[in-house]
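This report takes a few local features of one model in turn. Please keep the sequence and the 3D view open while reading.

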Amino acid sequence: MSLQQEINKRRTFAIISHPDAGKTTLTEKLLFFGQIIRSTGTVKGKKSGKFAASDWMEIEKKRGISVTSSVMSFPYHEFHVNILDTPGHEDFSEDTYRTLTAVDSVVMIIDSTKGVEPQTIKLFKVCRMRGIPIFTFINKLDREGRDPLELLSEIEEVLGIESYPMNWPVGSGKRFLGIHDRFNKQFVRFKGDEEEEVIPLSELSGTDIEENVIYQDTLGELELLEEAGNEFSPERVEKGELTPVFFGSALANFGVQTFFDTFLQFAAQPQPRKTDQGLIEPEKDQFSGYIFKIQANMNPAHRDRIAFFRVCSGKFERGMSVNLSRTNKTIKLNQTQAFMAKDRDTVDEAYPGDIIGIYDPNIYQIGDTLIGGKDSYQYEELPQFPPELFKRVQAKNVMKSKQFRKGIEQLVQEGAIQLYRQELNDSIILGAVGQLQFEVFEYRMKAEYNVEIEFTPLGERIPRWIKSEKFDKRFFDSRSMLVRDRFGAYAVLFENEFTLRYFLENQKDIELVDLLEEN
Ligand code: GDP
């Protein structure tokens, strides 16, 4: 198969959602369609930590690293599917954001009983910044959910994206009959127990519909959508301006297959990526790509690290020599692994859109570009995200302060955790996007620098950078904490929205900037 054909069939995407919206359940159904797992209902129990004896668990054991937070690849019909997992709430981190740079489209799950939730908004914003196609799956239709029209307008208003419902629920909760599939012109009857009956709209007899009061309501809503709703436009979907919306139930496996089939049809194939020397097309013969995440193995018996690499152009072949642009050193890529693939553990070849795991003997950094041959260019720097969680940190043993400083300096340089010094007392404050980063930091300080550290949590804070050259330092206190970042720039860590607003109202001379918006 030609490089072009390999590219055309690849679909690399992530599923984003607020915890509990149904991401695990939906992912599991997709893995089942891809024949990666033999039965569903096995992945559950994630939260209690109790896994059923499942295929999934076997794979986890074999790999030694958590596949639940990595990549799942499988062939499905004419496609080659790569799903990149984004971790849920507890281990939410900058990795999550960076993972979103490695996909070409995104599925956003919304719980129909809840609507748009905070975590969805955060993740959505990152996808929006990159203008990638976003597909919406409104889940838990088997339950008494919120009014579908209201959910649509919430998506449009809160997230600021236009929507096009590909299907529409007929009734809800106990009176849920099924979905009216506008796009494929069929009615899908909900029968429970993972069963559905598909009837082409042309064969749905007029009397059936007329007799059915519930369907009558739906027809009224559909008319409204036809008249006042958006038009379906694949071009606008591709630009991330319009999100196709699917209603369904992951748990009941209802509407999932049609969703998946339609999604794959419109989801983007691997897209060109920006470098410091212009756009690189996936069709370019020369192999290239970049590292978007590095996962250290938390198990002390296997102290290795795995670099997650997105292939952006050309063909990867095991054993090939590549140039690491940052250092201009040649590396032979022998130890590479596939993640959760159907039938092989090591990858011998890979194509644009694929993610490979590269064994990292501590030479890679997040953002590194690797290129086949001797060329040297750099994939666009991944966006920086302002941290949200802050902790004061110190060495447990003051005798170790030299190693402590060295460790902090080096780990901060890797970019996943941010360093600040409080102006008042010069104490060291670390900031990160999520809790996981602090844990990794603590672990590595001990393992690599032999320093035990102590954290004092400062909670969630809103950082803002000070633009003004001169200002009066008396206005700051523990709620609006004045700090300097690692480059010496002044910033303020606000305790909450309220303290930020109070500050803005009362300190009109001090100009503040929000990094995220400047990116
Ligand atoms: P995640 O945190 O987003 O991965 O969510 P899970 O997939 O773990 O689902 C959270 C809870 O919602 C679990 O108890 C699921 O069984 C339940 N759930 C998921 N999908 C559906 C659905 O379509 N209908 C109903 N009623 N419950 C669902």
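Two strands pair if DSSP finds at least two bridges between them. Helices (H or I, at least four residues) and strands (E, at least two) are DSSP runs, numbered from the N terminus. The model is predicted: local features need pLDDT of at least 70, side-chain atom pairs count only at pLDDT 80 or more, and totals for chains, interfaces and linings use all residues. Residues are numbered from 1 along each chain as its sequence is written, and side-chain values use heavy atoms, with hydrogens and water left out.

**Strand β25**

Strand β25 covers residues 428–432. It is mostly covered, with five of its five residues buried. Buried means under 20% relative accessible area, exposed over 50%, and partly exposed in between (1.4 Å probe, protein chains only). In a regular strand the side chains alternate between the two faces of the sheet. Ile428, Leu430 and Ala432 point one way from β25. Ile429 and Gly431 point the other way.

β25 runs antiparallel to β23 (residues 389–395), joined by four bridges. Here Phe390 has Gly431 as its bridge partner. β25 also runs antiparallel to β24 (residues 418–422), again through four bridges. Tyr420 is partnered with Ile429 in β25. β24 and β25 form a hairpin with five residues between them. In that turn, Asp426 has a positive phi of about 60°.

**Helix α8**

Helix α8 spans residues 213–228, 16 residues in total. The expected span is 1.5 Å times one less than the number of residues. Which residues of α8 are buried? They are Ile214, Tyr215, Thr218, Leu222 and Leu225. Seen down the axis of α8, these fall within an arc of 85°, so they line one face of the helix. The arc is that of the directions from the helix axis to the C-beta atoms.

The buried residues of α8 pack against α6 (148–159), β6 (162–165), β7 (167–170), β8 (178–181), β9 (186–190) and α7 (206–211). Contact means heavy atoms within 4.5 Å. The face turned away from the buried side carries the exposed residues Val213, Asp217, Glu223, Glu227 and Ala228. Asn212 caps the N-terminal end of α8.

**Thr275**

Thr275 lies in strand β12 (residues 273–275). It is buried, with a relative accessible area of 11%. Leaving out residues up to four places away in sequence, Thr275 touches Ile280, Tyr377, Gln378, Tyr379 and Glu380. The C-alpha atom of Thr275 is separated by 24 Å from that of Thr336, 61 residues apart along the chain.

| Side chain | Backbone atom | Distance |
|---|---|---|
| Thr275, polar atom | Gln277 nitrogen | 2.9 Å |
| Thr275, polar atom | Gly278 oxygen | 2.6 Å |
| Asn212, oxygen | Ile214 nitrogen | 3.2 Å |

**Cysteines**

A disulfide is a pair of cysteine sulfur atoms within 2.5 Å. A search of the whole structure finds zero. Cys127 is in no disulfide; its nearest cysteine sulfur, that of Cys312, is 17 Å away. Cys127 is buried, with a relative accessible area of 1%. Cys312 is also buried, at 1%.

Note on methods: A polar contact is a pair of N or O atoms within 3.5 Å; within protein, one must be able to donate a hydrogen and the other to accept it, and residues adjacent in sequence count only if both atoms are side-chain atoms.
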